[in-house]
Amino acid sequence: MFRASILRTLATIAVVAILAVGTDYTVNVLVLARPDIFTPWMTMTIVAVAGGPLVYFLHHQRLNLKAAKRDLSDSLKVQRQSAEEAERRRLEAERALARLREQESLYGILANNLTDALSLWDREGRRLYNSPAIERLTGYSAEEFLTAPNLLGVDPEDGAKAVAAIRELKDSKDTRTLEYRFLRKDGATIWIESTYSLVPAEDGGGFIATSRDVTERKRLAQDLAQAAEVAQGAAAAKADFLANMTHELRTPLTAIIGFSGLLRQSQALSETDARQVRLIHEASNTLLGVVNDVLDFSRLEAGLELDAEPFKPCEIARSAAALIESQAHAKGLPVLVEFGPGLKPLLGDAARLNQVLLNFLSNAVKFTSEGRILISVAQETSDLGQRLRMEVRDTGIGLPGDMHDAVFERFIQADAGVSRRFGGTGLGLAICKRIIDAMGGRIGVESTPGRGSTFWFEVDLPITESVANDVPVAAQPAPLERPVRVLLVEDNAANRELIGALLAPFDVEVETAVDGVGAVDAFKAGRGYDLVLMDVQMPVMDGLTATRRIRALEGQGTHTPIVAMTANVLPEQVANCMAAGMDDHLGKPVNPTRLLETVARWSQAEAA
């Protein structure tokens, strides 16, 4: 700044000096015409000496004023910026405060309108806050509940559980939920569900609880439990009724079917007698079919378990055709089988598929009086492996179009006339549909009245390479290698006589007992047997108890085969027989071939 002052002073003095010389010249030379008194150097010297300091001072002060003005301007600018920043911060603070108030208002609205009650405790367990919903929940106002004891209204046993649950909390992400009984201010007892969680330490610590009234839910759960118990009781009653019904029907059917079968083999009957015996035998077998249908459908209602095994579809068709062939030939109906190209072994429940196919064939024979029956088997590629399609085409009475879906419902037949003319329960196709549905397949019918029907099903099954047994084949009775001694335990006199008659042509000695006590006494007496045929439901002592006692009497290394011969054929009943110590199960009505095969197999096993 000093240098600037000097330069500006010199410049100013120079200008003033020139002006002073110019004035001196004008006055002394031009105006007074006295050039002798014109002294320019003297004038410039006087100006420099007298005006220099003054000009320097003025210039210095001017520069100081400019600097002061600049400093003042900068100061004002800084103050203005500070004022603007302060105003901005004030506005931001006001907006933040407005947002905070809005959030507090929203939180207040939420807290005031939540059906769940919110409660906050500090680290020492003192209540800090209760939402207004606490009054609806407990009957106490938020203010009353804030100063009340922590376990007010809580059942003592449940209170201890609540304290333990809170103490188990580890961090703010951990929660504990507890249901407990609570005595409201009005004296009513309710159920409350509370969820506890910790408040982070940076937020002050403590814990928070969200509580709700679950009394209605508990009541519904209790009602559901009672309903389930009632349903289980009804299911048990149904199962008991079904078991008793099948037992009571199968027991007399054993004698009817067995003796009528024996009579049919007699050569002493007249033609009329033989025909009447045949009708008795066929009618009793029809009744057995009805019993089996009812039993099978009840099993399916309880849930179907599929048993997958390798099989060849062509063998199922051949086996089913062979089983139905005699009935078809009796009506003059040929049974034909055709196979599509490229049939592959599959993995599935062959027995259930065979059951469906046999039902189709049985209906075809029943409802066809002339023509033929054709079984068709085909396969095509599917996502799972192969789609198996089996059809049974007949030339029978057919079905009207409105019955194509209904015929697969239970107890449904084409019309009442069909039921009267051909009989049946209307359960067979319903059973088939349940089986195919359980396999994820489809089942249907294509039919025209008077021109026949085609019943079909399709199932997707995986391909398999190995087939152990294509289709179970009924075992042929093995010849008895030695005399066999059998203990028959049966309370029904007719059935004792029937079994004796069925085994009489063979080298089998049959000793009888009328109940379990007689069977146990026979073993106590030391009489040895190759086989025991044991009924289950008998007076005095049942077959299961008798089997257990016989097993207890047998010495080390001794085991007499015991086969349940009973009308109890439900899976759980068969399992009970095995659990009691029996070795096999033979259901009533007794099939003569199966009876002989069983006697031969188990008596040979005992001999071995």
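This is a predicted model: local features need pLDDT of at least 70, side-chain atom pairs count only at pLDDT 80 or more; totals for chains, interfaces and linings use all residues.

**Helix 9 and the fold around it**

Helix 9 is built from 17 residues and spans 24 Å from its first C-alpha to its last, close to the 24 Å expected at 1.5 Å a residue. In total, the protein has 16 helices and 17 strands, and buried residues make up 38% of its 608 residues. Among the contacts with a separation of 6 or more, 64% are between residues 24 or more positions apart.

**Burial of helix 9**

- Helix 9 is mostly covered, since twelve of its 17 residues are buried.
- An α-helix has 3.6 residues a turn, so residues three or four places apart point the same way.

**The nonpolar cores**

- The largest nonpolar core has 40 residues, and those that touch the most other members are Leu353, Leu357, Phe360 and Phe457.
- Two or more residues of this core come from each of helix 8 (313-330), helix 9 (350-366), strand 9 (373-381), strand 10 (386-394), helix 11 (428-438), strand 11 (442-448) and strand 12 (452-461).
- The greatest contribution to this core is that of helix 9, with eight residues.
- Leaving aside residues up to four places away in sequence, Phe360 touches Val392, Leu429, Cys432, Ile443, Phe455, Trp456 and Phe457.
- A second, separate core consists of 21 residues, including Leu487, Tyr529, Val536 and Ile550.

- Strand 12 is largely enclosed by the rest of the structure, because nine of its ten residues are buried.
- Strand 10 pairs with strand 12 in the antiparallel sense, over eight bridges.
- Within that topic, Met390 stands opposite Phe457 in strand 12.
- Strand 11 also pairs with strand 12 in the antiparallel sense, here over seven bridges.
- Thr448 is placed opposite Gly452 in strand 12.
- Strand 11 and strand 12 form a hairpin with three residues between the strands, where Gly450 takes a positive phi near 85°.
- In a regular strand the side chains alternate between the two faces of the sheet.

- Ile443 belongs to strand 11.
- Is Ile443 buried or exposed? Ile443 counts as buried because its relative accessibility is 16%, and the cut-off for a buried residue is under 20%.
- Not counting residues up to four places away in sequence, the contacts of Ile443 are Phe360, Phe408, Cys432, Lys433, Ile436, Trp456 and Phe457.
- The C-alpha atoms of Ile443 and Leu429 are 9.6 Å apart in space, while the two residues are 14 apart in sequence.

**Cysteines**

- How many disulfides does the structure hold? The structure holds zero disulfides.
- Cys432 has a relative accessibility of 2% and therefore counts as buried.
- Cys314 is likewise buried, because its relative accessible area is 17%.

- Strand 16 (residues 562-566) and strand 17 (residues 584-587) are paired in the parallel sense, over four bridges.
- Ala564 stands opposite His585 in strand 17.
- Together, strand 16, helix 15 (residues 571-580) and strand 17 make a right-handed β-α-β unit.

**Backbone details in two loops**

- Where does Pro589 lie? Pro589 is found in the loop between strand 17 and helix 16 (592-607).
- The peptide bond leading from Lys588 to Pro589 is cis, with omega near -5°.
- Val540 is located in the loop between strand 15 (531-534) and helix 14 (543-553).
- Although Val540 is not a glycine, it has a positive phi of about 70°.
- Val540 counts as exposed because its relative accessible area is 72%, and an exposed residue is one over 50%.

How values were computed:
Residues are numbered from 1 along each chain as its sequence is written. Side-chain values use heavy atoms; hydrogens and water are left out. A disulfide is a pair of cysteine sulfur atoms within 2.5 Å. Buried means under 20% relative accessible area, exposed over 50%, partly exposed in between (1.4 Å probe, protein chains only). A nonpolar core is a set of buried Ala, Val, Leu, Ile, Met, Phe, Trp, Tyr and Cys residues joined through side-chain atoms within 4.5 Å. Contact means heavy atoms within 4.5 Å. Two strands pair if DSSP finds at least two bridges between them. A crossover is right-handed if, with the strands pointing away from the viewer, the path from the first strand over the helix to the second runs clockwise. The expected span of a helix is 1.5 Å times one less than its number of residues.
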